[in-house]
Amino acid sequence: MYEDPYGRIWFAGVSKKIAYFDNNKITCLKINDQFSQKKEFGIINSMAFCDNTLWIGMYATPSIYKVVFSKEKKSNIPSSKFIFIPLL
């Protein structure tokens, strides 16, 4: 779990779905289906949020994903597709 600068609590489950808790409501990312279709998308072990970008670290596959959100405060709509960055 990770709390971003806007107070949202980000989390992921074994289903590989990423969501956040804000204002007593759980919101799933709209690009979760794209994540689950990627064979490289393994078990999530870390997340960080910086400059409207969510960084997602993988345990099973040494890689990270970068999801860039729109500049609008607290947007849950990515401004572009996610980017896969292999670490090997």
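Rings of Phe, Tyr and Trp (its six-membered ring) pair if their centres lie within 6.5 Å; planes under 30 degrees apart count as stacked, over 60 as edge-to-face and the rest as tilted. The model is predicted, so local features need pLDDT of at least 70 and side-chain atom pairs count only at pLDDT 80 or more, while totals for chains, interfaces and linings use all residues. Residues are numbered from 1 along each chain as its sequence is written, and side-chain values use heavy atoms, with hydrogens and water left out.

**Exercise 1. State how many helices and strands the chain has, and give their order.**

Solution. Helices (H or I, at least four residues) and strands (E, at least two) are taken as DSSP runs, numbered from the N terminus. Along the sequence they follow the pattern β-β-β-β-α-β-β-β-β.

**Exercise 2. Find how many aromatic pairs the structure has, and classify the pair of Y6 and F49.**

Solution. Step 1: a search of the whole structure gives three aromatic pairs. Step 2: for Y6 and F49 the distance is 6.2 Å centre to centre and the angle between the planes is 75°, an edge-to-face pair. Step 3: Y6 belongs to the loop between β1 (2-3) and β2 (9-12) and F49 to strand β5, so the pair ties together parts 43 residues apart in sequence. Step 4: burial is read from relative accessible area (buried under 20%, exposed over 50%, partly exposed in between; 1.4 Å probe, protein chains only). Y6, at 25%, is partly exposed, whereas F49, at 6%, is buried.

**Exercise 3. Determine which rings R8 lies over.**

Solution. A charge sits over a ring if NZ of Lys or CZ of Arg is within 6 Å of the ring centre and within 35 degrees of the ring normal. R8 lies over the face of Y20, 5.1 Å from the ring centre. The charged end of R8 also sits over the ring of F49, 5.1 Å from its centre.

**Exercise 4. Describe the largest nonpolar core and the contacts of W10.**

Solution. Step 1: a nonpolar core is a set of buried Ala, Val, Leu, Ile, Met, Phe, Trp, Tyr and Cys residues joined through side-chain atoms within 4.5 Å. Step 2: the largest one has 15 residues, of which W10, I18, L29, F35, L54 and I56 touch the most other members. Step 3: β3 (18-22), β5 (44-50), β6 (53-58) and β7 (63-68) each give two or more residues to this core. Step 4: beyond four places in sequence, W10 has contacts (heavy atoms within 4.5 Å) that include M1, I18, Y20, L29, F49 and L54.

**Exercise 5. Locate C28 and say what it touches.**

Solution. C28 is in strand β4 (residues 25-28) and is partly exposed at 47% relative accessibility. Not counting residues up to four places away in sequence, C28 touches I18 and A19. Its C-alpha atom is 7.2 Å from that of K17, eleven residues away along the chain.
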